[in-house]
Amino acid sequence: RGPGDAPDVKLRIYPGKDPSIATFLWSDEGHTLGNSLRHVLMSNPKTSFCGYTIPHPLEPKMKVHLRTGKAGTEEEDADLPPACEVLKEGLHELSTVMQHTLGMFKTALTKYDTEKKSGDMDM
């Protein structure tokens, strides 16, 4: 932890010049969450830019930079969704995907264990 860091703060939010832009700093996270979350957020049509960085390899922190809306004309940018809301949607979507993946893994593991016990494994 650096000077001024509050203990046990998992997520800090640094707002941009307007609500459609924000930087989110996670402690104790890395590329696994960063790349997965970036992928999910970029799949959301409300996102115009999303990137993540690991500021320093010896510091367990990960930053996500998010901008919502379609960059371009004032008309397109007039009613941009807040970055925090789009992040919440992305985290919910990522959680749904991970729960599905975990369920598929458990099903496959159960099938493997059953086949192993009965000796019917295909090699």
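1. Let's start with a term: rings of Phe, Tyr and Trp (its six-membered ring) count as a pair if their centres lie within 6.5 Å. Keep in mind that what you're looking at is a predicted model. By that rule, the structure holds 1 aromatic pair.

2. Who's in the pair, and how do the rings sit? The partners are Phe24 and Trp26, with ring centres 6.3 Å apart and planes at 45°, so we call the pair tilted. Planes under 30 degrees apart would count as stacked, and over 60 as edge-to-face. Phe24 is buried, and Trp26 is buried too.

3. Now for the sheet. It's an open one, built from 4 strands in the order β1-β2-β4-β3, with antiparallel pairing. Look at the edges: β1 (11-15) and β3 (47-53) each have a single partner strand, so one side of each has no neighbour in the sheet. From one strand to the next, the twist averages 15°.

4. In general, strands of a sheet pair through backbone hydrogen bonds, either parallel or antiparallel.

5. Which strands does helix α1 (residues 31-43) lie across? They are β2, β3 and β4, and α1 runs at about 175° to β3.

6. Finally, pick out helix α3 (residues 83-118), which lies across β1, β2, β3 and β4. Its angle to β2 is about 50°.

How values were computed: Residues numbered from 1 in each chain as written. Predicted model: local features only at pLDDT ≥ 70, side-chain atom pairs only at ≥ 80, totals over all residues. Heavy atoms only, no water. Buried < 20%, exposed > 50% of the residue type's maximum accessible area, 1.4 Å probe, protein only. Pairing = 2+ DSSP bridges. Helix = DSSP H or I, 4+ residues; strand = E, 2+ residues; numbered from the N terminus. Axes fitted to C-alpha atoms, helices over the stretch in contact; angles between N-to-C directions. Contact = heavy atoms within 4.5 Å.
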